[in-house]
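Student: I have a structure open and would like to go through it piece by piece. Can we start with the strands?

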Amino acid sequence: MAGPIRPDEVTEAKTSTIPEAVFQVFNELIARGWTGHSAIVKQDDVVQVLVERHGMDRNEIFRQHLLDVEVSYRQLGWVVIYDKPAYNESGIATFTFSKSVK
């Protein structure tokens with residue numbers, strides 16, 4: 001029986017809508033950029049790999065919010081900071097992944 005989603009189910013539901021290839025690319029880029037404390041992943045690098053290696057459409061990646069992975073990683077203990085320049089700023093969008101301090 002279908003019904004409304006509970007707040008504690010949202011993260012799992014969101015994660016299940018993101019293709020495995022997206023997480024594979026993020027994992028690869030996190031590992032490649034890992035400094036021992038953190039890794040910075042460029043949004044453009046993720047998109048480029050998804051388009052070139054996995055045949056995804058750039059516009060669909062953004063339309064379907066396939067890069068909204070922060071909550072999924074946070075649930076596993078990562079600290080994730082997404083930084084995107086404002087419309088009047090230059091620069092690139094990045095995700096910074098670091099270990100949570102407990």
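Student: How many bridges join E2 to strand E3?
Tutor: Six, and the two strands run antiparallel. Keep in mind that this is a predicted model.

Student: Which residue stands opposite Thr94 in E3?
Tutor: Asp83.

Student: What order do the strands have in the sheet?
Tutor: The order is E1-E3-E2, in an open sheet of three strands with antiparallel pairing. E1 (38–42) and E2 (78–83) are the edge strands, each pairing on one side only. From one strand to the next, the twist averages 20°.

Student: OK, helices now. Where does H2 lie?
Tutor: H2 lies across E1, E2 and E3, and runs at about 130° to E1. H3 also packs on the sheet and touches E1, E2 and E3. The direction of H3 makes about 60° with that of E1.

Student: And at what angle do H2 and H3 pack?
Tutor: At about 125°, with the axes 10 Å apart. H2 covers residues 20–33 and H3 covers residues 43–54.

Student: Why is H2 called oblique to H3?
Tutor: Because of that angle: over 145 degrees would count as roughly antiparallel, and 65 to 115 as roughly perpendicular, so H2 is oblique to H3.

Student: Is the crossing left-handed or right-handed?
Tutor: The crossing of H2 and H3 is right-handed.

Student: Which residues in H2 meet H3?
Tutor: Among them are Val22, Val25, Phe26 and Leu29. On the H3 side, the residues include Val46, Val49, Leu50 and Arg53. By class, the contact of H2 with H3 has eight nonpolar, two polar and three charged residues.

Methods
Residues are numbered from 1 along each chain as its sequence is written. This is a predicted model: local features need pLDDT of at least 70, side-chain atom pairs count only at pLDDT 80 or more; totals for chains, interfaces and linings use all residues. Side-chain values use heavy atoms; hydrogens and water are left out. Axes are lines fitted to C-alpha atoms, for helices over the stretch in contact, and angles run from 0 to 180 degrees between N-to-C directions. Helices (H or I, at least four residues) and strands (E, at least two) are DSSP runs, numbered from the N terminus. Angles under 35 degrees count as roughly parallel, over 145 as roughly antiparallel, 65 to 115 as roughly perpendicular and the rest as oblique. A crossing is left-handed if the near helix is turned anticlockwise from the far one by less than a right angle, and right-handed if clockwise. Contact means heavy atoms within 4.5 Å. Ala, Val, Leu, Ile, Met, Phe, Trp, Tyr, Cys and Pro count as nonpolar, Asp, Glu, Lys and Arg as charged, and the others, Gly among them, as polar. Two strands pair if DSSP finds at least two bridges between them.
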